[in-house]
Each structure stands twice: as C-alpha cells, then as structure tokens.
Amino acid sequence: MKFRTFTYNVGQGFKNIARNKMFSFASIATMAACIFLLGLFYSIGVNFQSMVKDAESNVAVTVFFQDGMSEDDIKAIGQEIANRPEIAKMEFVSADEAWENFKKEYFAGKEDLAEGFATDNPLANDAKYVIYLNDVSEQDSLVKYLEGVNGVREVHRSEITAKTLSDFNNLSTFIMIAVIAILIGVSIFLISNTVTVGISVRKDEISIMKLIGAKDNFVRAPFVVEGILIGLIGSAIPLAILYFLYYRLVSYVQTKYKVISTMMDFVPVNTVFRVLLPVSVILGVGIGFLGSRLTLKRHLNV
Amino acid sequence: MIRLEHVSKTYEAGVVAITDVSLHIKPGEFVFIVGASGSGKSTIIKLLLKELAPTHGTITVNGRDLSSISHKQVPIFRRNIGVVFQDFRLLPDRNVYENVAFALRVVEAPKKEIKRKVPLMLSMVGLAAKYRSLPKQLSGGEQQRVAIARALVNEPKILLADEPTGNLDNKNAWEIMRLLDEINKKGTTVVVVTHNMDIVKAMKKRVITIKKGSIIDDNEGEV
C-alpha cells in the first residue's frame, strides 16, 4: 500500500466515525461501560487484597530459646534463621526489653509493685525473636523448621488467624479473577457484537468497493482504523473518569474519615493504573481491531 | 473481448440460472442482453465480473480465462471493467466528486491525476456543477450519470450495465442510453442488460435474447 493510500485510509477511518455517528456512539458507549465496570471492580479488588496483605503482614511467629542461653548465642541462631526465604522481617526482643514491655503493659500506674523484681528479671529466659512472614500460608513450614533448630525452646504462632487470612486471600483472589474474567468475556461479546452490527449494515458499501476493484486491504483499512479509534476512545473515557473518581474518593476519605485511613492504606492511584491502563487499552483496541477484521472477512468475498 | 463457451450456472439451492450459453462480443460492440425477469441476464453480468463462478464452461474477458484469476487478482481484473447497476450503488455518505474519485483511489492514482480526471468525467456526464452534492440530493437520472462517470474514470475497455434504466423515468432513461451510445462511439465495448424493449428496438444494436437461462435469439450481423 502506497503512503498516500495509507494516509487516505487513516483519514477515512476518522471520517467514518463521524459518518456513522450512531454506530460510533453505540460502540464507544458499550466499550466505555464495560471497561468502566472492569476498572471499578479491579480497583475495589486491588484495595481489598491490599487490606488482607496488610493484615497478613502483622501476623508473627515468636521464637523462645532454651534457658540459660546468652544473648550472643541467641543472636547467632537468629542469623541462621534470617536466611529463610519465608521471612519478611524479624525483630529481636532481649530479656530486659521483654520485662520493660511487660511492666508497661501490666504495672502501668503501679510501678512500685514491680520494684521487687528490680534485680531479678522474671523474664530472664524470655529473650525472643518476633518473625514476620512474606506469606502467611508459609507459616507451617517455617514453624516446622524453627522447632527443629538447636537451642529453640518454644515457637508461638497464631494458627487460626494465619489460616483464616490465607483462606480469605485465596478466596478473594479467586473471586477477583473470576469476576474480571466474566467481565472481560461479556465485554468482548458486547463490543464485538456492536462492531459486527455496525459493519454488517455497511455490507453494501463494502460490495460496491469490491466491484469497483478495491483490494481487500484497501476496503479493510478504514474499518480497522475506525475499530482501533473506537477502542481508544472507548477505553480512554472510562479510564479518565475512574482515575478522577478514585483520586478524589481516596483524598476525601483520607481527609474526612481519618479513622478509616488509620485502619487501612489505599493503594495509590498510579499503582492501580499501572495494570488497569494497559489492560483496558489493549482490551479496547484489541477488540476494535479484531472485531472489525473478523467481521469484514465475511463481507469481502464479493 | 468477451467470450462465453458452453457456460452453465446452477446456484447452491439447485436453481438453474443459465444453461449452455455461448456468445462472443467483439471489441467496440454495443450489445443488449434482453429477457424476462429471472431469465438469467443478471447472472451473465455477475459471471463476467467474477462475482460468481460458472458451474460449467469457460469465460474469457479481455483475453483472460476467468477461472485462472485468483481471489487476490480479482480487484486488478475488475479495474478494466466499468460497471453500472440499476440501483446506482453510490457510496451514500460521499459526495459526487468523492464517488467518482473513489474508483481512482482504489487504483492508487496520484492526487494530480484524480484532480484532472474527475472534473473531466463529471463534465462529460453533465454534472460538473453538482460535484459537491450527496447522492440523496440528486435525481435518479443524475445518480446513474454519477455511476457511469465512476465506471468510466479508469478508462475501462468494457462497460457492463445491469438494468441501468430500471429505476428511471422515460426521459432520464433515454438520456442514459444516449450517454452509453456516446461512450461506445469513443471505442468502449458496452454490454447492457435490460427488459426495456422500447429502447432496445429504437437503438438498433445487437440484441441477445435469453429465455429460461438459454439464448433463444441473437441478431449478430443483422445490425
């Protein structure tokens, strides 16, 4: 195809959108509605998962060591444990810190009652490591490992919390994938249907072009350009609305409802759009492109 | 120029359109193909455009056996044949100028050539002043003249017209026929399918009569 023919066809693609206003409007509206719903659900899902992950990151395993071990020995074991891949971070709490924390919690306002233990730390053998995991579902394997480490006396874990969170995370991921897959399926069906109808009503125009001697690519090009443009516009509109709404909503909640913002961190809008933007544009443009190409194929055999 | 040898066409549903048709149209001839509705006249035009393939027989147009033309080559083949239909088949959303220019754009003609040829063709069919009108703003006769201009702008050797006056009143029908006659006099081979016997009789050209898919009369050599 010569360059002037290419530019002519691109121009015709733009003009076709204006020439077929109703079809263009219907296609763009269908696409925008589908992508808006997809984006909305994705944004909610991503935040929900982030909340669960947040909760997970607070689940810890506590490791106590055998009586009489020195702090240096315990820290040496700690270095060995730190190599495990399941571990996100670990904190060492010495026997003195453990006693200080205990006092703050249980002797607040009655500090004189603790004076009797001034020289005899009752938690002398309670130096510990508090270990946070990358993924709570790995708690079992880590605990099994820790229980086998020489010098470890006891391992505390919250099995129910970890299991609940892990199950919840799996379920929410499954639901999110399922709903998004259904939404993408419905979007492909609705959008390609609109594109198909829009092209089918112009089958006479296509047959005229073919009878005059137009090659398949010459007939196809403006329709494909039109499909891509509809895809671009149909995805850009809902994305812009979602970006604005998300940004405003998060700012509003963070300033007006500080309690909520202390309980959870919203995923930043740019993080959400890092995935949502390419997926939506590829979906819109891809369906516009493929829909118009496949539909035209049926009408080109003139 | 056009040769059909023992050509038959049966549609998929088993409907027989033409049976064992043989004819030869020489360069520069003006030929009418006449017959009642459903006699197979339009099937012949579709076969000549390679819109349909024959069930049996051989068709040669411009020296090429149509069975040897692949799907990819069909557009190139059609560019040497002008075609005019009863329902004009103009692009409804493009003006007169763009409808005629479209035939040049499909052959990727340079802009300069388009700017030179389109006004010339529109002058020839008497529509130079209406180049900006949309098809729906024109009368039937005017729309058919635009279709003729589009069919001829690539200077084809053959012009096929399928019931070109079928949607026109008598006055417009005669104007179109005179135009086709002028085009023929300039050297283009013209084949007109029609059932308007008044015009056919008055034009005194070669007439091939078809009935139930077979040629029953051909006055070749009598005109």
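This briefing describes the two-chain model shown above, by topic.

The model is predicted: local features need pLDDT of at least 70 and side-chain atom pairs count only at pLDDT 80 or more, while totals for chains, interfaces and linings use all residues. Residues are numbered from 1 along each chain as its sequence is written, with chains lettered from A and ligands numbered from 1 in the order in which they are written. Chain A has ten helices and four strands; here helices (H or I, at least four residues) and strands (E, at least two) are DSSP runs, numbered from the N terminus.

**Chain A overall**

- Along its sequence, chain A follows the pattern α-α-β-α-β-α-β-α-β-α-α-α-α-α.
- Of the 302 residues in chain A, 28% are buried. A residue is buried if 20 or more other C-beta atoms lie within 10 Å of its own, exposed if 12 or fewer, and partly exposed in between, with C-beta atoms placed from the backbone.
- Among contacts in chain A with a separation of 6 or more, 88% are between residues 24 or more positions apart. Two residues are in contact if their C-beta atoms, placed from the backbone, lie within 7 Å.

**Contact between the chains**

- Chain A contributes 15 residues to the contact and chain B contributes 16 residues.
- On the side of chain A that touches chain B, the elements giving two or more residues are α1 (3-19) and α7 (203-212) of chain A. The most come from α7(A), with five residues.
- That side of chain A comprises eight nonpolar, two polar and five charged residues. In this division Ala, Val, Leu, Ile, Met, Phe, Trp, Tyr, Cys and Pro count as nonpolar, Asp, Glu, Lys and Arg as charged, and the others, Gly among them, as polar.

**Nonpolar cores**

- The largest nonpolar core has 96 residues, and those with the most contacts inside it are Leu48(B), Val100(B), Ala149(B) and Leu160(B). Helix α8 (residues 216-256) of chain A supplies the largest share of this core, eleven residues. A nonpolar core is a set of buried Ala, Val, Leu, Ile, Met, Phe, Trp, Tyr and Cys residues joined through C-beta atoms within 7 Å.
- A second, separate core of eleven residues includes Ile131(A), Leu146(A), Ala162(A) and Leu165(A).
- Not counting residues up to four places away in sequence, Val100(B) touches Val118(B), Met121(B), Leu122(B), Val146(B), Ala149(B), Arg150(B) and Val153(B).

- Four strands of chain A form an open sheet in the order β2-β3-β1-β4, with antiparallel pairing; two strands pair if DSSP finds at least two bridges between them. Its edge strands, each pairing on one side only, are β2 (87-93) and β4 (152-156) of chain A.
- The antiparallel strands β2(A) and β3 (residues 128-133) of chain A are joined by six bridges. Lys89(A) stands opposite Tyr132(A) in β3(A).
- In helix α5 (residues 139-147) of chain A, the buried residues are Gln139(A), Leu142(A) and Leu146(A). Seen down the axis of α5(A), the buried residues fall within an arc of 70 degrees, so they line one face of the helix; the arc is that of the directions from the helix axis to the C-beta atoms.
- Ser141(A), Lys144(A) and Glu147(A) are exposed on the other side of α5(A).

**Sheet of chain B**

- An open sheet of four strands in chain B has the order β2-β1-β4-β5 and antiparallel pairing. The edge strands β2 (16-25) and β5 (64-65) of chain B each pair on one side only.
- Two bridges link strand β4 (residues 56-61) of chain B to β5(B) in the antiparallel sense, and Val61(B) stands opposite Arg64(B) in β5(B).

**Loop residues of chain B**

- Glu163(B), in the loop between β7 (158-162) and α6 (170-185) of chain B, has a positive phi of about 50 degrees although it is not a glycine. Glu163(B) counts as buried, with 20 C-beta neighbours inside 10 Å.
- Lys204(B) also has a positive phi, near 55 degrees, and lies in the loop between α7 (197-203) and β9 (206-211) of chain B. Lys204(B) counts as exposed, with 11 C-beta neighbours inside 10 Å.
- Asn154(B) lies in the loop between α5 (140-152) and β7 of chain B and counts as buried, with 20 C-beta neighbours inside 10 Å. Asn154(B) and Ala103(B) are 51 residues apart in sequence and 7.0 Å apart in space, C-alpha to C-alpha.
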